[in-house]
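Open the model in your viewer and get ready to select a few pieces one after another.

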Amino acid sequence: MTTTLSERVSQSAFDGSMLRVVLLMDLHEGAQQRFFEAYEQLRHDIASEPGHISDQLCQSFENPSQWLITSEWESAPQYLAWVNSEHHAEQVRPLGACARAMRPLKYTVLRETGRGYQDDRRSVGARLQESPRLGAGIVRHALTFTVKPGSEKDVAALLSSYASPAANVDGHTRLCRTTLFMHGNRVVRTVEVRGDLMAALRHVSEQPEVRAVEEAINPYLEQDRDLGDPESARMFFMRAALPAVHHVAAREPDGADRSDVRRHALFYPAKPGCGPALARFLARQDEEAAHRWDPATVSSSIFQRDDIVVRLIDVRSPHDAGLETAFGVRGPRKAAVLARLMVPSADGTAESAVRHTMSLITDRRAPAES
């Protein structure tokens, strides 16, 4: 049975759909008033952000320490531009200091019903997602950070030598795959989770073998952190988050699990302010490739934060010698668009997809479930 392109695009921030963001919070004892005052300041700041439509603050009537913040945005890129910014990290710091736990959830809006949605309150550019997306129940996420120049070999050795954590988190969540790459002094760690991403990340961070390697690389990091300080750790991982913004799957199910498929990552250095446009451009190229019968590319995921763009591609191994075909763009006009969005190469030569291929450090898959 063949699948349509819309069925294979299981995730996209670029379809123009409205976004509903839900933040679940469990506050420290006695922090309710301090939290409320911090929110009052934040809501005034966020109201001026491009794409922000509305927000609500809710307190549980069963448990006063449990709070819920919801916000509505015209589109996912507008929300991501704010949530990935440095001023957002500073804006939410007072809220984080009040909370024992925070859990953000993001949803595109498919349907609206009720009298409140029958008026013309919507912004002109806001629209609903056309149809439900299909997928294999996998959540993709990435973290990125830089290490001190000259320490790359030491960091790579540490990141490739630790024991893998247990794959099963609980009865509903499983860590499926973790892959680490480096490009210069930049590290990118991608994870694939079936179930609850936050539960999986928390599970991994609590494993002794992972904590040991995280402590071991601390002296090499360009950005200081103290994993023993919850606020320091939270701010580090907030800044390191590299969210997935687009994913195109293969025609055949479980294509990425075939033995002849190899995983590659490419790092695209975007010009200042061009990261979102670059990610959107690459997403279009992936969708066009998925329209064609291209047996080389099995799947592609794009991760983007500010001007950091990473493309994760699963490719059948016979095509390893022709990465330009699998990873590049077709035609001189598209190549020119890509060049306008990227930082020029240091030697002034033409851009090449292979030039930005990242070095694979480790690729760990969970054992098959019995």
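A residue counts as buried when its relative accessible area is under 20%. Keep in mind that you are looking at a predicted model.

**Stop 1: Ser65**

Select Ser65, which sits in the loop between S3 and S4. Is Ser65 buried or exposed? Its relative accessible area is 7%, so by the under 20% cut-off Ser65 is buried.

Now show the side chains around it. The side chain of Ser65 makes a polar contact of 2.9 Å with the side chain of Asn63. Which residues does Ser65 touch when its neighbours within four places in sequence are left aside? They are Met25, Asp26, Leu27, Gln32 and Arg100.

**Stop 2**

Next, select residues 52-59 for strand S3 and residues 66-73 for strand S4. These two strands form a hairpin, with six residues between them. S3 and S4 pair in the antiparallel sense over seven bridges. To see one of these pairings, pick His52 and look across to its bridge partner in S4, Trp73.

**Stop 3: the whole sheet**

You now have an open sheet of four strands in the order S3-S4-S2-S5, paired in the antiparallel sense. Turn the view and compare the strand directions: neighbouring strands are turned by 15° against each other on average, direction ignored.

Zoom in on Met25, and you will find Met102 of S5 opposite. Met25 is also one of the residues in contact with Ser65, from our first stop.

**Stop 4: helix H7**

Move on to residues 197-205, helix H7. Colour its buried residues: Leu197, Ala199, Ala200, His203 and Val204. Then look down the axis of H7. The buried residues fall within an arc of 165°, so they line one face of the helix.

What covers these buried residues? The cover includes strands S6 (138-146), S7 (174-183) and S8 (186-194), along with helix H8 (208-217).

Finally, select Asp196, which caps the N-terminal end of H7. One of its side-chain oxygens lies 3.0 Å from the backbone nitrogen of Met198.

Key:
Residues are numbered from 1 along each chain as its sequence is written. This is a predicted model: local features need pLDDT of at least 70, side-chain atom pairs count only at pLDDT 80 or more; totals for chains, interfaces and linings use all residues. Side-chain values use heavy atoms; hydrogens and water are left out. Two strands pair if DSSP finds at least two bridges between them. Axes are lines fitted to C-alpha atoms, for helices over the stretch in contact, and angles run from 0 to 180 degrees between N-to-C directions. Buried means under 20% relative accessible area, exposed over 50%, partly exposed in between (1.4 Å probe, protein chains only). The arc is that of the directions from the helix axis to the C-beta atoms. Contact means heavy atoms within 4.5 Å. A polar contact is a pair of N or O atoms within 3.5 Å; within protein, one must be able to donate a hydrogen and the other to accept it, and residues adjacent in sequence count only if both atoms are side-chain atoms.
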